[in-house]
Amino acid sequence: MVDDSKKLKRLSHAKPGGTKFVEDTPVAIVVLGDEESDIWIEDCSIAMAFMQLEAKEMGIGACWVQINKRPSEDGRGAEALSKEIISTGKDRRVLAVLAMGYPDQERPAYIEEDMDFSKVYYNTYGSF
C-alpha cells in the first residue's frame, strides 16, 4: 500500500515557494492533460476551476498550485518531479495540483470600496 502522505510531502516540495501547505492538506488532485491535444491547458484549467467552485459549494477549501512551466527545487522542473511522484505516463502533462481540505478560517469577500478602479477600463484598454 502506498502512503499518500509521503506523496503529498514530496509534492509540497515540487517547486520552491507556494507549495509547502500541500504537505498538510488531506487530499490533493493532480490535474493531467493529454499532450496530443492542442488545448490541454485550456481543458485542464476549466476542470480545475469547476473543481474549485464545487469544493467551495461543499464547504471545502481548495487552492490551485501551478506546476506547468515552474522550476523545481532540484532543477528538473516542477512538472517532471510531479510526474515522477504520481508515476504518470510520458504522454501526460501536469498543469497543476488542487490542494483541498476544510479551511481553518473564512476570509470575508472583497467589497466594492476595496476595488482599485484605476485598473478598470470601459470599451477600451488603457488610458488613451
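For what follows, Ala, Val, Leu, Ile, Met, Phe, Trp, Tyr, Cys and Pro count as nonpolar, Asp, Glu, Lys and Arg count as charged, and the others, Gly among them, count as polar. This is a predicted model, in which local features need pLDDT of at least 70 and side-chain atom pairs count only at pLDDT 80 or more, while totals for chains, interfaces and linings use all residues. Residues are numbered from 1 along each chain as its sequence is written, and side-chain values use heavy atoms, with hydrogens and water left out.

Confidence comes next. pLDDT is the predictor's confidence in each residue, from 0 to 100. The chain averages 91, and 96% of the residues score at least 70. Helix 2 has the highest confidence, at 97, and helix 1 the lowest, at a mean of 90. Helices (H or I, at least four residues) and strands (E, at least two) are DSSP runs, numbered from the N terminus.

Now the pockets. On a 1 Å grid over the protein atoms alone, a pocket is an open set of points where a 1.4 Å probe fits, with protein on both sides within 12 Å along at least five of seven lines; lining residues have an atom within 4 Å of a point. Grid points are joined across faces, edges and corners, and a volume is the space filled by probe spheres set on the points.

The largest pocket holds about 560 Å³ of space. It is lined by 19 residues, and Gly 61, Ala 62, Cys 63, Gly 101 and Pro 103 are the closest to its centre. Helix 2 (40-57), strand 2 (61-66) and strand 3 (92-101) each give two or more residues to that lining. By class, the lining has nine nonpolar, six polar and four charged residues.

The second largest pocket has about 230 Å³. Its lining is Lys 56, Asp 104, Gln 105, Glu 106, Arg 107, Pro 108, Ala 109 and Tyr 110. Four of these are charged, three nonpolar and one polar.

On to the interior. Buried means under 20% relative accessible area, exposed over 50%, and partly exposed in between (1.4 Å probe, protein chains only). A nonpolar core is a set of buried Ala, Val, Leu, Ile, Met, Phe, Trp, Tyr and Cys residues joined through side-chain atoms within 4.5 Å. The largest core has 13 residues, and Leu 11, Val 22, Val 30, Val 65, Ile 67 and Val 97 have the most contacts inside it. At least two of its residues come from each of helix 1 (4-11), helix 3 (78-86) and strand 3. Another core, of ten residues, lies apart from it and includes Val 31, Trp 40, Ile 60 and Met 100.

Contact means heavy atoms within 4.5 Å. Beyond its neighbours within four places in sequence, Ile 67 touches residues including Ala 14, Ala 78, Ser 82 and Val 97. In helix 3, Ala 78, Glu 79, Leu 81, Ser 82, Lys 83 and Ile 85 are buried, and their cover includes helix 1 and strand 3.

Last, the loops. Most residues other than glycine have a negative phi. Ser 87, which follows helix 3, has a positive phi near 55°. Ser 87 counts as exposed because its relative accessibility is 61%. In the loop between helix 3 and strand 3 there is also Thr 88. Thr 88 and Leu 32 are 56 residues apart in sequence, yet 8.9 Å apart in space, C-alpha to C-alpha. Lys 69, in the loop between strand 2 and helix 3, has a positive phi near 65°. With a relative accessibility of 70%, Lys 69 counts as exposed.
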